[in-house]
Amino acid sequence: MIEKYNTLKRMLDNGVVAVVRAENAEQAIKIAEAVKNGGIESIEITLTVPGAIDVIKELKKAYPNNEVIIGAGTVLDSETARVALLAGAEYIVSPNLNLDVVRLCNRYQKICMPGAMTLKEIIEAMEAGADVIKLFPGNVFGPSMVKAIKGPIPYANIMPTGGVTISNVGDWIKAGCVAVGVGGELTAGAKTGDYALVTQTARAFVEAVRTARIE
């Protein structure tokens, strides 16, 4: 339990989860290295990446001292979640609320971040024992949705994914989000092989979150 708490605290303190979608395993590993160099400590390898489980294993080998926190994303069922945990994932992210996935993560004391779109789903996820609620897709709602949720449920730990940009990340944090999940805008440079741009963008996101928290 202490290990899980410390990992979760580290993730939320940093405030940014890099959502890695890539065309192949090699590109995913390069993106992971680039965002780490930019100061992002949490890297979510989505299972839409070809060979995603092997990517998780490779990253665990590359960073044996937990220099980064590796997680699995787009996890749709408990069977896949278990395979990801055995590969070394420290947290599981889903686009939806699957109670079996939440139960499995709780059983093995790993962080669980299920997706939710409605207040009903958010409450159900919290009751099931989810650690953070992934508001998805975030671009459908915007930061105002978080403010509305925080009215009746101020203790909900919400992390939006989808639609989080450099220009609005501060608004999400100020609305009450504990962290943000960032994908396409963060990793865009990888499409042209510009991993320096990925690092630069990662650094900008980390700084934007830090600034929003102290304003």
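This is a predicted model: local features need pLDDT of at least 70, side-chain atom pairs count only at pLDDT 80 or more; totals for chains, interfaces and linings use all residues.

Reader: Where does Gln109 lie?

Author: Gln109 is in the loop between helix H5 (99-107) and strand E5 (111-113). Its phi is positive, about 55 degrees, although Gln109 is not a glycine.

Reader: And what is the phi of Thr74?

Author: Thr74 has a phi near 55 degrees, which is a positive value in a residue other than glycine. Thr74 belongs to the loop between E3 and H4.

Reader: Staying with the backbone, is the peptide bond from Phe136 to Pro137 cis or trans?

Author: That bond is cis, with omega near -5 degrees. Pro137 is placed in the loop between E7 and helix H7 (138-141).

Reader: Let us turn to electrostatics. How many salt bridges does the structure hold?

Author: There are 10 salt bridges in the structure. One of them pairs Lys4 with Asp131, where the closest N and O atoms are 3.2 Å apart.

Reader: Which parts does the pair of Lys4 and Asp131 tie together?

Author: Lys4 lies in helix H1 (residues 2-14), and Asp131 lies in the loop between helix H6 (119-128) and strand E7 (133-135), so the pair ties together parts that are 127 residues apart in sequence.

Reader: Are Lys4 and Asp131 buried or exposed?

Author: Lys4 is buried, at a relative accessible area of 11%. Asp131 is also counted as buried, at 15% relative accessibility.

Reader: What does Lys9 pair with?

Author: The side chain of Lys9 meets that of Asp13 in a salt bridge, at 2.8 Å from N to O. Both residues are in helix H1, four residues apart, which is about one turn of the helix.

Reader: How accessible are Lys9 and Asp13?

Author: Lys9 counts as partly exposed at 42% relative accessibility, and Asp13 counts as partly exposed at 48%.

Reader: What about Lys60 and Glu90?

Author: Lys60 forms a salt bridge with Glu90, and their closest N and O atoms are 3.4 Å apart. Lys60 lies in helix H3 (residues 52-62) and Glu90 in the loop between helix H4 (78-87) and strand E4 (91-93), so this pair ties together parts that are 30 residues apart in sequence. Glu90 counts as buried, at 14% relative accessibility. Salt bridges with shared partners join Lys60, Glu90 and Lys110 into one network.

Reader: Which residues of H3 are buried?

Author: Ala52, Val55, Ile56 and Leu59 are buried in H3. Seen down the axis of H3, the buried residues fall within an arc of 100 degrees, so they line one face of the helix.

Reader: What covers the buried residues of H3?

Author: The cover includes helix H2 (25-37), strand E2 (42-46), strand E3 (69-73) and H4.

Reader: A change of topic: what volume does the largest pocket have?

Author: The largest pocket has a volume of about 170 Å³. Its lining consists of 14 residues, and the closest to its centre are Val19, Arg21, Thr161, Gly183 and Gly184.

Reader: Which elements give two or more residues to that lining?

Author: They are strand E9 (180-182) and helix H10 (184-187). H10 gives the most to the lining of the largest pocket, with three residues.

Reader: How does the lining of the largest pocket divide by class?

Author: By class, the lining has four nonpolar, seven polar and three charged residues.

Reader: Last item: where is Val169 found, and what does Val169 touch?

Author: Val169 is found in helix H9 (residues 169-175), and Val169 is buried, with a relative accessible area of 0%. Leaving aside residues up to four places away in sequence, Val169 touches Val164, Val180, Phe205, Ala208 and Val209.

Reader: How far apart are Val169 and Glu215?

Author: From C-alpha to C-alpha, Val169 and Glu215 are 13 Å apart in space, and they are 46 residues apart in sequence.

Key. Residues are numbered from 1 along each chain as its sequence is written. Side-chain values use heavy atoms; hydrogens and water are left out. A salt bridge is a side-chain nitrogen of Lys or Arg within 4 Å of a carboxyl oxygen of Asp or Glu. Buried means under 20% relative accessible area, exposed over 50%, partly exposed in between (1.4 Å probe, protein chains only). The arc is that of the directions from the helix axis to the C-beta atoms. Contact means heavy atoms within 4.5 Å. On a 1 Å grid over the protein atoms alone, a cavity is a set of points where a 1.4 Å probe fits but cannot get out, and a pocket is an open set with protein on both sides within 12 Å along at least five of seven lines; lining residues have an atom within 4 Å of a point. Grid points are joined across faces, edges and corners, and a volume is the space filled by probe spheres set on the points. Ala, Val, Leu, Ile, Met, Phe, Trp, Tyr, Cys and Pro count as nonpolar, Asp, Glu, Lys and Arg as charged, and the others, Gly among them, as polar.
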